[in-house]
Amino acid sequence: MLMIEILPDKCDFCGCCVGICPEDAIELKEAEIRIIEELCTNCVKCVWSCPIEVLKFNRNGVKVNLDA
Amino acid sequence: MLKEYDVIVVGAGPAGSMAARYAAAKGVSVLMLEKDRDVGYPVRCGEAVSATRIAPFIDPDEKYIASHINKFSLIFPNGTEVTVPLEENGYILERRIFDYELAKLAANEGAEILTRAYVNGLLFDGGKVSGVKFEYRGEPHEVKAKVVIAADGVESRVGRWAGLKTHIDFRDMECCVQITASGINVNSNTCYFYFGKDYAPNGYFWIFPKGNNTANIGLGVGGMIGKKKSALSFLIDFMEKNYPNASILTQIAGGVPCTPTLKKITAPGIMLVGDAARQVNPLSGGGISSGMIGGSVAGEIAAESVKQKSPDLVLTYDKAWHERQGKKHIVYNKIKNAIYNFSDDKFNNIAESADNLPDNKKSLGNVFKAALIHNPSILIDVAKVFVIK
Ligand SMILES: Cc1cc2nc3c(=O)[nH]c(=O)nc-3n(C[C@H](O)[C@H](O)[C@H](O)COP(=O)(O)OP(=O)(O)OC[C@H]3O[C@@H](n4cnc5c(N)ncnc54)[C@H](O)[C@@H]3O)c2cc1C
Ligand code: SF4
Ligand code: SF4
């Protein structure tokens, strides 16, 4: 279950979290970010590294919106 | 667009543009793909460079220089400010224009450039990288290449797809936030650095002037700090205390990989340059000029490998970079590790020794010597920098 939440509209698409993610589980386009649930191990390193507090650990799990 | 190129470069930052230019200059066909719609924007950078280090690559031009720097001002935890003249001058760039100019120089050599082209995979031919997959205007494309140069910045995903371990320890990532603000009354020839736990523990806080009372104001903290307090909250605290009435023109986030270069920056058919290879100077966090050097070295080798029909030449880039720059970064990294763990008291002691230097003796070198007196173990590492220079 994915437990890393991306707060909507806060991401600056800077790539800092992508550079530290050990699983290559974060995909970043020009202005689109997505965590790949199947790869993510919920290690929380991306949460620590985001300079502007966009990522949060949510122990209840995060629903991935497949329509988005 | 052709079906096949000699060299494909992924990412049009300074490292990518230099690689594209140096390869194209040797007469091979080059395509550079950039996911953003504009080269040079958004600017995720403090924009400080040494004039001498970029001089071999681009003529000075006021259109990409926001201000000329000839002094550093170091501000220590107890408020002591030590100003030192620089032996080598620097610039604060307008990177939006600078990056664009570098891409133009690549285009002038014959490189093709495509923006809004998001690379999302590699092609392989018997274990060797043989091209890229990308999305362009919503359509998937595949283009073959004899050599792929990954210049995709801090994210560095392209190298991972080729089996290189490019992610770095979160403690080595300087997690940064920066604003460009006006109403900042600082000297336009001085870069200001703040040290200590209130400003930016395991990193530093900077004000880099851009002229007309505007400045880049930002900081980086190591990932270990970010765990407890984000870079953004340090910035908010600083601005409330020092410039509560400043107008904020832009705000950006960013990561600077402050480590020695990756052990392997090549694999069959692929080379990594710039932030993607972790070619940033780990002590200063400056990656513009070192990425440009990496790009130029890789571009030339890639072209030679194509022209001589010798794919193995690509693999010589590991050593070429190490000799040119990489080995210095190993030493800079050791110095960084020592300095970043300085306590506020230690910084204040350095401030005192530095402040006591007579004005005509105030130089970065002498301030550094003052720092060494308080931590002699760094001395060995510093000695090495000079020996292997
Ligand atoms: C806040 C901050 C302040 C800094 N201050 C300074 C400073 O004062 N001085 C200094 O020298 N350095 C500074 N740096 C570091 C400097 O910005 C970088 O080292 C430099 O930009 C690296 O250049 P590059 O070409 O390797 O990568 P980048 O400039 O990051 O370029 C990479 C390019 O690749 C593109 N890309 C990524 N993935 C893909 C993909 N899948 N497909 C297509 N394109 C892709 C990106 O959109 C981007 O344009 C700072 C960095 C930060 C974050
Ligand atoms: S939690 Fe760990 S694995 Fe998951 S996206 Fe973040 S850094 Fe990657
Ligand atoms: S580090 Fe934060 S701001 Fe940067 S891309 Fe990741 S989530 Fe977005």
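Buried area is the accessible area, taken with a 1.4 Å probe, that two parts lose on being put together, summed over both. The views below come from a predicted model.

**View 1. The interface of chain A and chain B.** In this predicted model, chain A and chain B bury about 2,300 Å² between them, and 55% of that area is on carbon and sulfur atoms. On the side of chain A, the residues that lose the most area to chain B are Glu30(A), Trp48(A) and Pro51(A), which together account for 27% of what that side buries. Counted by contacts, 23 residues of chain A meet 33 residues of chain B. The size of an interface is often given as the accessible area lost when the parts come together.

View 2. On the side of chain A that touches chain B, the elements giving two or more residues are helix 1 (16-20), strand 2 (26-29) and helix 2 (45-49) of chain A. By class, the residues of this side divide into 12 nonpolar, three polar and eight charged. Side chains of opposite charge can pair when their charged atoms come close. Five salt bridges are found across the interface of chain A and chain B, whereas a search of the whole structure, over all chains, finds 20.

**View 3. Two salt bridges between chain A and chain B.** The side chain of Glu30(A) meets that of Arg37(B) in a salt bridge, with a distance of 3.7 Å from N to O. Glu30(A) lies in the loop between strand 2 and strand 3 (32-35) of chain A, while Arg37(B) lies in the loop between strand 2 (30-34) and strand 3 (48-50) of chain B, so this pair joins two chains. Another salt bridge is formed by the side chains of Asp24(A) and Arg160(B), at 3.9 Å from N to O.

**View 4. Domain 1 and domain 2 of chain B.** Chain B is divided into domain 1 (4-44 + 96-168 + 261-327), domain 2 (69-90 + 170-257) and domain 3 (335-386). The centres of domain 1 of chain B and domain 2 of chain B, taken over C-alpha atoms, are separated by 30 Å. These two domains bury about 820 Å² between them, 65% of it on carbon and sulfur atoms. In domain 1 of chain B, the residues that lose the most area to domain 2 of chain B are Arg44(B), Val154(B) and Ile168(B), together 55% of what that side buries. Nine residues of domain 1 of chain B are in contact with nine residues of domain 2 of chain B. Between these domains of chain B there are zero salt bridges, but three residue pairs are in polar contact, both residues being at pLDDT 80 or more. The side of domain 1 of chain B that touches domain 2 of chain B has four nonpolar, two polar and three charged residues.

**View 5. The surroundings of ligand 1.** Ligand 1 is surrounded by 36 residues, of which Glu34(B), Gly46(B), Ala48(B), Arg95(B) and Asp275(B) are the closest. A backbone N or O atom of Gly46(B) lies 2.7 Å from a nitrogen atom of ligand 1, and a backbone N or O atom of Lys35(B) lies 3.1 Å from a nitrogen atom of the ligand. For Ala15(B), a backbone N or O atom lies 2.9 Å from an oxygen atom of ligand 1.

**View 6. The shells around ligand 2 and ligand 3.** The residues around ligand 2 include Cys21(A), Cys40(A), Cys43(A) and Cys46(A), and among them are also Ile4(A), Pro22(A) and Val44(A). By class, the shell around ligand 2 divides into nine nonpolar, two polar and one charged. Around ligand 3 there are 13 residues, and Cys11(A), Cys14(A), Gly15(A), Cys17(A) and Cys50(A) come nearest. The shell around ligand 3 divides into 11 nonpolar, one polar and one charged.

**View 7. Backbone details in two loops of chain B.** Most residues other than glycine have a negative phi, and most peptide bonds are trans. Tyr41(B) and Pro42(B) are joined by a cis peptide bond, with omega about 0 degrees, and Pro42(B) has its place in the loop between strand 2 and strand 3 of chain B. Arg116(B), although not a glycine, has a positive phi of about 55 degrees, and this residue lies in the loop between strand 6 (112-115) and strand 7 (117-125) of chain B.

Technical notes. Residues numbered from 1 in each chain as written. Chains lettered and ligands numbered in written order. Predicted model: local features only at pLDDT ≥ 70, side-chain atom pairs only at ≥ 80, totals over all residues. Heavy atoms only, no water. Contact = heavy atoms within 4.5 Å. Salt bridge = Lys/Arg side-chain N within 4 Å of Asp/Glu carboxyl O. Helix = DSSP H or I, 4+ residues; strand = E, 2+ residues; numbered from the N terminus. Nonpolar A, V, L, I, M, F, W, Y, C, P; charged D, E, K, R; others polar. Domains from an automatic or database assignment. Polar contact = N/O pair within 3.5 Å; in protein donor to acceptor, adjacent residues only side chain to side chain. Near = heavy atom within 4 Å.
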